[in-house]
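Open the model in your viewer and keep the selection tool at hand. The tour goes stop by stop.

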Amino acid sequence: MNLPAGVEPDPGAALLVLYDTALPQVYGYLLSRCGQRALAEDLTAEVFLAAVEAVRRRPPPDVSTAWLVGVARHKLVDHWRRAEREQRGLRVVQGLPAEPDDPWDERLDAMIAQQVLAELGPHHRGALVLRYLDGLPVPEVARLLGRTVHATEALLVRARKAFRETYERSEGRDV
Amino acid sequence: MSDPFEALLRPPEAVDPDPTFAARLRARLERELLDHRDPRGTRMSTSSTTSTPSAPAVPRHGDVGYVSLRVPDVGRAADFYQAVLGWRYAPGGDPRGRQVQGLALNHGMWAEEGSRTLWACYRVDDVHAAVRRVREAGGRAEEPSREPYGTISTCVDDQGLSFGVYEVFGDRPAEVSSRQGEIVYLTVEVPDADRARAFYGSVLGWEFVPGNVDQGWRVRLGGGEVRPMTGLWGGRDRAAVVPMYSVEDIDAGVARVRAAGGTSTDPERQPYGVTAECADDQGVRFYLGRLPG
């Protein structure tokens, strides 16, 4: 049931009010995860346009900064998925068997870690960002990636291995 | 031993984007928001609606959450339903589709060659579990994909009827309305009602009580009505979902259908209201209904 137009709070106006405070949060989240300014801008625009779509629904969802960052995370996952699909077309897929995780005792250098993440394939990078930068539990990562928990754990094992190999190479190169 | 990866944890920090980008994006949002602000004002008639006041309720597992008209020519369909029901459409977007504005039940249109039916998408609690049940019940289901509004899987039932199941990120209240242009009743037509009862009972938790016509069933959910109210009708040549759109004046509605190039029976009084059976100018069947509010 709709109230008369003048009485109903306008969720579109509320979104514009929220825009100034939410924009740096959404952009900051995306920039720190994808590391590319142009891409972060594109994804930020996608997030707010999705919010416009959402407030068109009757009744609209409760749009907050946290809600927008949640949408941003989904946009990032979609981006990695697209990137992965494109890359998969270019190379022969080699299914690495899931190996037991090799414990690694190392204090990670944050700067090198960022570079290493940028060098990884989209699926490895996505899994590591959600699990470690965002600090999400594995089942939540699985839900976001549309995989089972078991498949996500296996993916994380491979992603950590890929990260470690690249990291150790980078360290040797840079230190 | 501590996990070195834990050092990567990085709570989001605010970063001011380029001011030009920020201003451009704000202008775009303002434009998009302004464009959609008028549907209430341009509704064909708002003076004597038949809407039934009801408390908003959260859509339940098994309710219809979204419908889309799948027709060869979307532009033609948009014109037809605008003339008949007064629909307005969200600006922009993919030219192959339309989004009807201001309806309680999300209603879209999508261009699909050879298709002349309504496509219904049902709300479920767990889309991955629903996909398993579809497959176990003899249907087909695509792997769920993530969209801005939730996670969705496109499915086909065991009698060839295409539908969708989706799970939303957060609950939002559902609205029930019988204003002009709203869907007030859906008929799921199938060749075999018993098979459909087994399939949708398993997939969506639908329950069925005998209806008014032979092989007709009223669909129930947790002892109440499915939203919108839905019936199952067996013994039909082919599977289809046929909507009933609410109109305030059934005679005028029938006249508009005919004037817009569609066909319609003369209005008939039924136990639940006055209805007419119609087809649009591309052959999509639907009903018009004037139901007591």
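**A loop residue and its contacts**

Select B:Leu105. Beyond its neighbours within four places in sequence, B:Leu105 is in contact with B:Val64, B:Val67, B:Glu182, B:Ile183 and B:Pro228. Bear in mind that this is a predicted model. B:Leu105 sits in the loop between β2 (97–99) and β3 (106–111) of chain B. Is B:Leu105 buried or exposed? It has 24 C-beta neighbours inside 10 Å, so B:Leu105 counts as buried; the cut-off for that is 20 or more.

Now draw a distance from B:Leu105 to B:Ile183. The two residues are 78 apart along the chain, yet 7.4 Å separates their C-alpha atoms.

**Along to the proline**

Next, pick B:Pro228, one of the contacts of B:Leu105. B:Pro228 belongs to the loop between β12 (224–225) and β13 (230–233) of chain B. Show the backbone here. The peptide bond joining B:Arg227 and B:Pro228 is cis, with omega about -15 degrees.

Go to B:Gln215 for another backbone feature. This residue lies in the loop between β10 (207–210) and β11 (216–221) of chain B. Its phi is positive, near 60 degrees, and B:Gln215 is not a glycine. Most residues other than glycine have a negative phi, and most peptide bonds are trans. B:Gln215 is partly exposed, because 16 other C-beta atoms lie within 10 Å.

**Into the core**

Return to B:Val67, another contact of B:Leu105. Which residues surround B:Val67? Leaving aside neighbours within four places in sequence, B:Val67 is in contact with B:Leu105, B:His107, B:Leu118, B:Trp119, B:Ala120, B:Cys121, B:Ile183 and B:Pro243.

The largest nonpolar core has 65 residues, of which B:Val67, B:Ala120, B:Cys121, B:Tyr122 and B:Leu288 touch the most other members. A second, separate core holds 44 residues, among them A:Ala22, A:Ala54, A:Tyr132 and A:Tyr167. In soluble globular proteins, nonpolar side chains tend to be buried together.

**A strand with two partners**

Select strand β8 of chain B, residues 162–168. Five of its seven residues are buried, so β8 is largely enclosed by the rest of the structure.

Strand β4 (residues 117–123) of chain B runs parallel to β8(B), joined by four bridges. Look for B:Arg123, which stands opposite B:Tyr166 in β8(B). Strand β7 (residues 150–156) of chain B pairs with β8(B) in the antiparallel sense, over seven bridges. Here B:Thr154 stands opposite B:Gly164 in β8(B).

Follow β7(B) into β8(B). Five residues lie between the strands of this hairpin, and B:Gly160 takes a positive phi near 90 degrees.

**Across to chain A**

Of the 175 residues in chain A, 33% are buried.

Last stop: helix α4 of chain A, residues 110–119. Colour its buried residues, A:Ala113, A:Val116 and A:Leu117. Look down the axis of α4(A): these buried residues fall within an arc of 100 degrees, so they line one face of the helix. An α-helix has 3.6 residues a turn, so residues three or four places apart point the same way.

How values were computed. Residues numbered from 1 in each chain as written. Chains lettered and ligands numbered in written order. Predicted model: local features only at pLDDT ≥ 70, side-chain atom pairs only at ≥ 80, totals over all residues. Core = buried A, V, L, I, M, F, W, Y, C linked by C-beta atoms within 7 Å. Buried ≥ 20, exposed ≤ 12 C-beta atoms within 10 Å, placed from the backbone. Contact = placed C-beta atoms within 7 Å. Helix = DSSP H or I, 4+ residues; strand = E, 2+ residues; numbered from the N terminus. Arc of directions from axis to C-beta. Pairing = 2+ DSSP bridges.
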